[in-house]
Amino acid sequence: MSKSKIGEDVYKKVDKVNAELFVLTYGSIVAQLCKDMNYEKVNEELDKMGYNIGIRLIEDFLAKTEWPRCADFRETGETVAKVGFKVFLNFSPIISSVSDDGNTFVLTLDDNPLAEFVELPADARQKLWYSNILCGVIRGALEMLQMDVDAVFLRDILRGDEHTEIRVHLKRILKEEIPPGDE
Amino acid sequence: MTIYAFYIYSRKCECVFAHRWKPSDRNSMETLVSQLEQNSIEDDMEKLIFGVVFSLRNMVKKITADQDQFMSYTTSKYKLHFYETPTNLRLIFITNPKIDSLTHVLQQIYTTLYVEFVVKHPLYTHVPPSAEEGGINCEIFRITLDRFVRTLSCF
């Protein structure tokens, strides 16, 4: 069975919340953060919130899909795009420009649901990554699977770019913890 | 009465949850309470179990492909069932040696009980504290787990 098919099937089974409620809630969180701090800090804060979501979400993901370990990072990328995003956000980013060593991939999220109804004020356009929470989620979820990654936004339609893109780069595979006093 | 004990080990290799079932009068609330109090005592036992499981698992992985997992081992007195999630959470049952594999039950416990009650708990941390520091401190998880295991046909 293809990955997109599995994503589709699991998506059908899970409980859902109203998309508009979700999008507007996220919007008000970001708006409030922007009132409280400057845009660089907001990006950081969203990433941190995403990270905390990611480390839990991965368990939920594994429970829902019973997904086995991926063979390599390329497959991980496909799983994130076709299954992960599909199950939780009901859309699949296009995965592109996988680097030769397979340690970097770019997700193109042109129909990013978080960005619906959103228009950034002029001064935020240069600094704010509105959907930065997604980077945090990816980072947190993959860290739980022993992968230390960097996830950053490269471009965003909200800023006037052509596409919305996240680059995910595998820094290293974390070593498994071994029991204390063991070699 | 064929299921003796249940353990969860975190990715930090610490025992974070233990539950034992006693044969006598197993429905009374007092048995449950006394078990709760005893849980922190047999610490050595928990470390020994983990040592065995960890070594076995690594050996199995070395011999075959990466995806392989060992599922149980049997001695003349007991059987140990093992399930590990991709996030390195390890769930273990210790039962009577005659029981069929309970790996799927462990998996079920993970998906329906652990994720629902522990992961979705507001105070969840991605590495639960070790048993000495309280472990997974979620009473509803313990109670539902206890109830769930008692409904198993092999219990």
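Predicted model: local features only at pLDDT ≥ 70, side-chain atom pairs only at ≥ 80, totals over all residues.
Me: How are the rings of B:Tyr110 and B:Tyr114 arranged?
Reply: Their centres lie 5.9 Å apart. The planes are at 20 degrees, and the cut-off is under 30. So the pair is stacked.

Me: Which helix holds both B:Tyr110 and B:Tyr114?
Reply: The two residues are four apart in chain B. That spacing is about one turn of the helix. The helix spans residues 103–119 and is α3 of chain B.

Me: Are B:Tyr110 and B:Tyr114 buried or exposed?
Reply: Buried means under 20% relative accessible area. B:Tyr110 has 1%, and B:Tyr114 has 0%. Therefore B:Tyr110 and B:Tyr114 each count as buried.

Me: Which residues form one aromatic cluster with B:Tyr110 and B:Tyr114?
Reply: The cluster lies in chain B and contains Phe and Tyr residues. Alongside B:Tyr110 and B:Tyr114, its members are B:Phe6, B:Phe17, B:Tyr83, B:Phe93 and B:Phe141.

Me: Which residue lies over the face of A:Trp129?
Reply: A charge over a ring must be within 6 Å of the ring centre. Here the distance is 3.4 Å. The residue is A:Arg159.

Me: Which strands are the edges of the five-stranded sheet in chain B?
Reply: The open sheet has the order β2-β1-β5-β4-β3, with antiparallel pairing. An edge strand here pairs on one side only. The edges are β2 (15–20) and β3 (72–74).

Me: What is the bridge partner of B:Tyr73 in β4(B)?
Reply: Strands of a sheet pair through backbone hydrogen bonds. β3(B) and β4(B), residues 79–84, pair in the antiparallel sense over three bridges. The partner of B:Tyr73 is B:Leu80.

Me: At what angle to β2(B) does helix α4 of chain B run?
Reply: Helix α4 covers residues 139–151. This helix lies across β1 (3–9), β2 and β5 (90–95) of chain B. Its angle to β2(B) is about 45 degrees.

Conventions: Residues numbered from 1 in each chain as written. Chains lettered and ligands numbered in written order. Heavy atoms only, no water. Phe/Tyr/Trp six-rings, centres within 6.5 Å; stacked < 30°, edge-to-face > 60°. Buried < 20%, exposed > 50% of the residue type's maximum accessible area, 1.4 Å probe, protein only. Lys NZ or Arg CZ within 6 Å of the ring centre and 35° of its normal. Pairing = 2+ DSSP bridges. Contact = heavy atoms within 4.5 Å. Axes fitted to C-alpha atoms, helices over the stretch in contact; angles between N-to-C directions.
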